[in-house]
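This report covers one protein chain. It moves from single residues to the fold as a whole.

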Amino acid sequence: MSTDASNEVRVAADSAAPRTSRTASSVAGPPPAGESKGRRKGLSERNRPLWMLIPGGALMFIIIVVPLVLGIYMSTLNLDQYTLRRWISSPFIGVENFVEALTSSPLLHATWLSVSYSLLAMVVTLPLGIAAAVATQNAFRGRAVVRSIFLIPYVLPSFVVATIWRTMFQPDGIVDKALGTVGIETGLWLNGPQTFWTLVLVQIWASWPFIYLLALSGLQSVDHEVHEASALDGALWWNKLRFVIFPYLKGPLALAFLIGMLHHINNFTLPFVLFGVPAPADVEVLPILTYVTSFQSFRFGLSAAMAFVSLVLIAIPLFVYLRAVKLDDAESPGAKK
């Protein structure tokens, strides 16, 4: 009797053991949610940015890549007013438009004008913007008003700026009257040998506040303790400007120089409104030449080739700047090796 009872107890214990383990596992619940969710979350975080880039990438492809490809294709066609209606079936001429643009057209002269007037404008606007930023950096009474006045040329549209200066440079305009009162002989500002310098002057007035803004933002990054240390050391204002302020302005001014050059070379509204079309030969810059070739001479294939050459010209300083920034980041002490 005792033996049978002990056997029954043993069988009951053996049958209860797996039930107990199952009960323990059910009480413990499923694996921690953090592990599985962490794995799923990690996968989603790696994949989610790629999905989020699709709308922006598709928009950039439609706005930038598609017109660029079409423009390159148009530059290989003999596309004019006679073949424009069926431009897809226009005669294919290869690189003849590029050869004509670089040899027999005024493209090289227009390129020289664009680069030269852009450089002259930047040579003046850089020190002017730096001087204005240094003058308005420290607090003084009326600083907000002065800063607002400095920004007027920047906030005005290019069309408005060109219209104002075109009115002022008329033969009976305010510029001739002001110069005549001090005995300075005037001439034709908008049609004559002085048109190039007129374009440079108006571009300087319209673009120097941009340099001023970037220089002012660079000055805000200068630590106040650096100014105090230089003052305690008895540094003169020129040495303080050269060895304390200019190193902080190196990056913003390089960016301002690049953006300013690209903007000047690619600026169509200012010379178009200021001088009209056809513009004088001394101010027939790249955008004006491309416009005249397209919509007055109706040489659309040739104008597409000129536009592509202009794109390459603009891409050269951009590539140099990006390369220099990449090298500076690689040589910085905090860069990863």
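**Around Phe-298**

This is a predicted model. Phe-298 is partly exposed, because its relative accessible area is 36%. The residue sits in the loop between H13 and helix H14 (300–331). Its backbone stands out: Phe-298 has a positive phi of about 60°, although it is not a glycine.

Thr-293 is a contact of Phe-298. Thr-293 belongs to helix H13. Its relative accessibility is 8%, so Thr-293 counts as buried. Leaving aside residues up to four places away in sequence, Thr-293 also touches Arg-299, Leu-302, Ser-303 and Met-306.

**The salt bridge**

How many salt bridges does the count come to? The count is one. The partners are Glu-100 and Arg-299, whose side chains meet at 3.0 Å, N to O. Glu-100 lies in helix H3, and Arg-299 in the loop between H13 and H14, so the pair ties together parts that are 199 residues apart in sequence. Side chains of opposite charge can pair when their charged atoms come close.

Is Glu-100 buried or partly exposed? Glu-100 is partly exposed, at 25% relative accessibility. Arg-299 is partly exposed too, at 27%.

**The loop between H2 and H3**

Two residues of this loop are worth a look. Leu-84 is placed between H2 and H3. With 39% relative accessibility, Leu-84 counts as partly exposed. Leu-84 touches Leu-79 and Phe-300, not counting residues up to four places away in sequence. Leu-84 and Phe-300 are 216 residues apart along the chain, yet their C-alpha atoms are separated by 8.4 Å.

Ser-90 also has its place in the loop, between helix H2 (33–74) and helix H3 (96–103). Ser-90 is buried, at 7% relative accessibility; the cut-off for buried is under 20%. Its side chain reaches the backbone oxygen of Thr-83 at 3.2 Å. Not counting residues up to four places away in sequence, Ser-90 touches Leu-77, Asn-78, Leu-79 and Thr-83.

**Accessibility at a glance**

| Residue | Relative accessibility | Class |
|---|---|---|
| Ser-90 | 7% | buried |
| Thr-293 | 8% | buried |
| Glu-100 | 25% | partly exposed |
| Arg-299 | 27% | partly exposed |
| Phe-298 | 36% | partly exposed |
| Leu-84 | 39% | partly exposed |
| Phe-61 | 47% | partly exposed |

**A nonpolar patch**

Phe-61 is found in helix H2. It is one of the residues that make a nonpolar surface patch of about 910 Å². The patch is formed by Leu-59, Met-60, Phe-61, Ile-62, Ile-63, Ile-64, Val-65, Val-66, Val-69 and Leu-70.

**Helix H7**

Which residues of helix H7 are buried? In H7 (residues 158–168), they are Val-161, Ala-162 and Trp-165. Seen down the helix axis, the buried residues of H7 fall within an arc of 95°, so they line one face of the helix. Phe-159 and Thr-167 are exposed on the other side of H7.

What covers the buried residues of H7? The cover includes helix H6 (152–155), helix H9 (195–220) and H12.

The peptide bond from Val-277 to Pro-278 is cis, with omega near 0°. Pro-278 lies in the loop between helix H12 (269–275) and helix H13 (286–295).

**The chain as a whole**

The protein chain has 14 helices and zero strands. Read along the sequence, its pattern is α-α-α-α-α-α-α-α-α-α-α-α-α-α. Of its 337 residues, 31% count as buried.

The accessible surface of the chain comes to about 21,500 Å². Carbon and sulfur atoms hold 68% of that surface.

Contacts in the chain are also counted by separation. Among those with a separation of 6 or more, 70% join residues 24 or more positions apart.

Methods. Residues numbered from 1 in each chain as written. Predicted model: local features only at pLDDT ≥ 70, side-chain atom pairs only at ≥ 80, totals over all residues. Heavy atoms only, no water. Helix = DSSP H or I, 4+ residues; strand = E, 2+ residues; numbered from the N terminus. Buried < 20%, exposed > 50% of the residue type's maximum accessible area, 1.4 Å probe, protein only. Polar contact = N/O pair within 3.5 Å; in protein donor to acceptor, adjacent residues only side chain to side chain. Contact = heavy atoms within 4.5 Å. Salt bridge = Lys/Arg side-chain N within 4 Å of Asp/Glu carboxyl O. Patch = residues over 30% accessible without salt bridge, like charges linked within 9 Å, V, L, I, M, F, W, Y side chains within 5 Å. Areas by Shrake-Rupley, 256 points an atom, 1.4 Å probe, with all protein chains shown as cover. Arc of directions from axis to C-beta.
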